[in-house]
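Please keep the sequence and the coordinates at hand while reading.

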Amino acid sequence: MQNELSHLDWLEAEAIHIMREVAGQCSNPVLLFSGGKDSLCLLRIAEKAFRPGKFPFPLMHIDTGHNYQEVIDFRDRKVTELNERLIVRSVEDSMAKGTVKLNYELEPRNKYQSITLLEAIDEFEFDCCIGGARRDEEKARAKERIMSFRDSFGQWDPKNQRPELWDLYNAMTHKGENIRAFPISNWTEMDVWQYIEREQLELPSIYFAHKRDIIRRDGAIVPVTEVTPPKDGEIVENIMVRFRTVGDITCTAPVESHADDVQKIIIETAETRISERGATRLDDQMSEASMEQRKKEGYF
Amino acid sequence: MDKTDSLLRFITCGSVDDGKSTLIGRLLYDSKTILSDTLNQIEKTSHKRGLSAVDLSLLTDGLQAEREQGITIDVAYRYFSTPTRKYIIADSPGHEQYTRNMVTAASTAQAAIILIDARKGILTQTKRHTYLSKLLGINQFVVAVNKMDLVNYDQETFNSIVKEYKALFDAISVNENNQFTINFIPMSALNGDMVVERLDNMNWYQGDTLLEILENADSQSTNSNLAFRYPVQYVCRPRDSENKELHDFRSFMGRIESGRIKVGDKIKSLPSNQESTIKAIYIGDQVVNEAISPQSVSILLNDEIDISRGDMLTELTNTPSITKDFNATICWLSEEPLNQGRVYKIMHTSKIAKAKISSIFDKIDVNTLSSIEANKIETNDIANIRIALAQPIMSDNYFDNRKTGSFIIVDDSTNHTVAAGMINNIN
């Protein structure tokens, strides 16, 4: 009989416990599912937490409208396979309603997800959103709670968070308020990949090395797509790349890589010298505090 | 591929002046956790501030909101790994007014690193940090005598601090029954002496480096040796009419907070006191024969007994107390003082109960550790109190079991967590 859990077993046990606390304490939670690797880990955790029963919450995707089709196809296939309910709410709906106004046509829409998310929270009266954010991602996240309180405007107030001790999670809310629950807070990018390997989780194909038309712009690799066309004078190259995160096309950049399976990605992750967001999130580099700012505005 | 196979959570106690941020930066840097874009950023900032070398303490620089106010508000969690272990550091600000942050950080830690500036020796805060760590049930201490480079790596300076600290430690009696390990290390976090690398400035020191000590410390799973405690979080009843097998399926979901369990074991459900035996244990859809703390599992019983969230499965003989009335030491976390006339809620394991503070015995001055008379309780106070509950909880004394001996107090007008408590005398 074993006496000690491996670090992955420990992280998994913690995440299951957190998800069951959400189910036990909240009356109308939802799990945010993008098709990305972190939210796929959440789905496996939810299976381990609640099967053979159904999930005590629906899944929801806040769609920016700028997606790689592979990811959307994958998302829909996964939901069918799990036989769970998926809600999709789109930033484009908010644009049609006039609640999101872009500054220019091809502006990155990541930050506007907050508005659509808050509208969906209102519409369905969700009292908790389960998300796949991790504390190692970014310094504004390092101080995030596992159950993070948001007021009725969806705002995160770093000075007014509930202290979180032991594994006692306070998810109590009044009507209109909201908890963001982060079951994989304590996971690192490496833990996520190791878990994907162990659980043999299927991922959208863009996570693995593939040939793609790109341009090099200000030190970043920008994929050539309809919404990110090359500018005059830029040279289009076709190289092997993979994505370390998936999100809105306009602000998610791939990295050069030949890692075409999980094993190779783990080796690359161990050797890489650039953080996940530093390499691939064009929007976080703009200001040192941009994640913190977005979280205050209701971002998850 | 390196695989880590255990996990250790620890806290670092000290202030920026003791080199705490530098130490954390050093651990992350030497364990190659810091990635180049982050390093570039702090290099730039170091340059901007006119420093000649990279200031590793900038790695733990906080939120914009904190920088604006020039203070650290909160506990930050940081991660690094070695080939054999994953580490979670809870980094809390060290000053006296942040007692509540230190209590928060210590609540999940197995080990504490107490930082002492070699030039200054033992200070009031050393006593406070040691007391709070012991109070929260930490039993592994690493006393890091830092800035040895500023005392010419002098062995005598180190030895006298060790001697003085031992006396201090023995004088702080919170949980006398527990076994403690204390390691002392002379160190220069700035240069990297004895953090991850030994270097050769202190060849007179034969002990382990900080990382070696952390690698060998007792990890998360020590709870598996205690009595079986299984607070039920959620009851699974699929009631799937299409699947006959699931028709009568009923499992009790939770986390083994302590102990271990195997199929066939006799158990008791509290507070109802009904007995049954374990029919099956699941982790997801995987059937297992046994499970240990802190695994999250799903348990099926051989008898149909009524069990819901907030109940607890335990072994038959070594059972927790079912109590509505107990003494506890609390740390008041809220800006709003305790109102003794009010009814609060407590959260204990998976149970929520209404609570009143029936008596305040005394407060502890965290700097002198003396008992002071108290009639009110405010932010950062450590107080001994008596609590009366409307519904019973199943609890152990905190020093016997951190999971079933701890609770938080919630103000149900704001839903804020206003206090953290440790049960120390069940009647």
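At what angle do helix H7 and helix H8 of chain A pack, and how far apart are their axes? In this predicted model, local features need pLDDT of at least 70 and side-chain atom pairs count only at pLDDT 80 or more, while totals for chains, interfaces and linings use all residues. Residues are numbered from 1 along each chain as its sequence is written, and chains are lettered from A and ligands numbered from 1 in the order in which they are written.

**Chain A: H7 and H8**

- Helix H7 (residues 189-199) and helix H8 (residues 262-271) of chain A pack at about 165°, with axes 10 Å apart, the axes being lines fitted to C-alpha atoms over the stretch in contact and the angles running from 0 to 180 degrees between N-to-C directions.
- H7(A) is therefore roughly antiparallel to H8(A), a term for angles over 145 degrees.
- Contact residues, whose C-beta atoms, placed from the backbone, lie within 7 Å, include Trp193(A) of H7(A) and Ile265(A) and Ile266(A) of H8(A).

**Chain B: H4 and H5**

- Helix H4 (residues 99-106) and helix H5 (residues 124-135) of chain B pack at an angle of about 45°, with their axes 9 Å apart.
- Thr99(B), Met102(B), Val103(B) and Ala106(B) of H4(B) make the contact with His129(B), Leu132(B) and Ser133(B) of H5(B).

Key:
Helices (H or I, at least four residues) and strands (E, at least two) are DSSP runs, numbered from the N terminus. Angles under 35 degrees count as roughly parallel, over 145 as roughly antiparallel, 65 to 115 as roughly perpendicular and the rest as oblique. Two residues are in contact if their C-beta atoms, placed from the backbone, lie within 7 Å.
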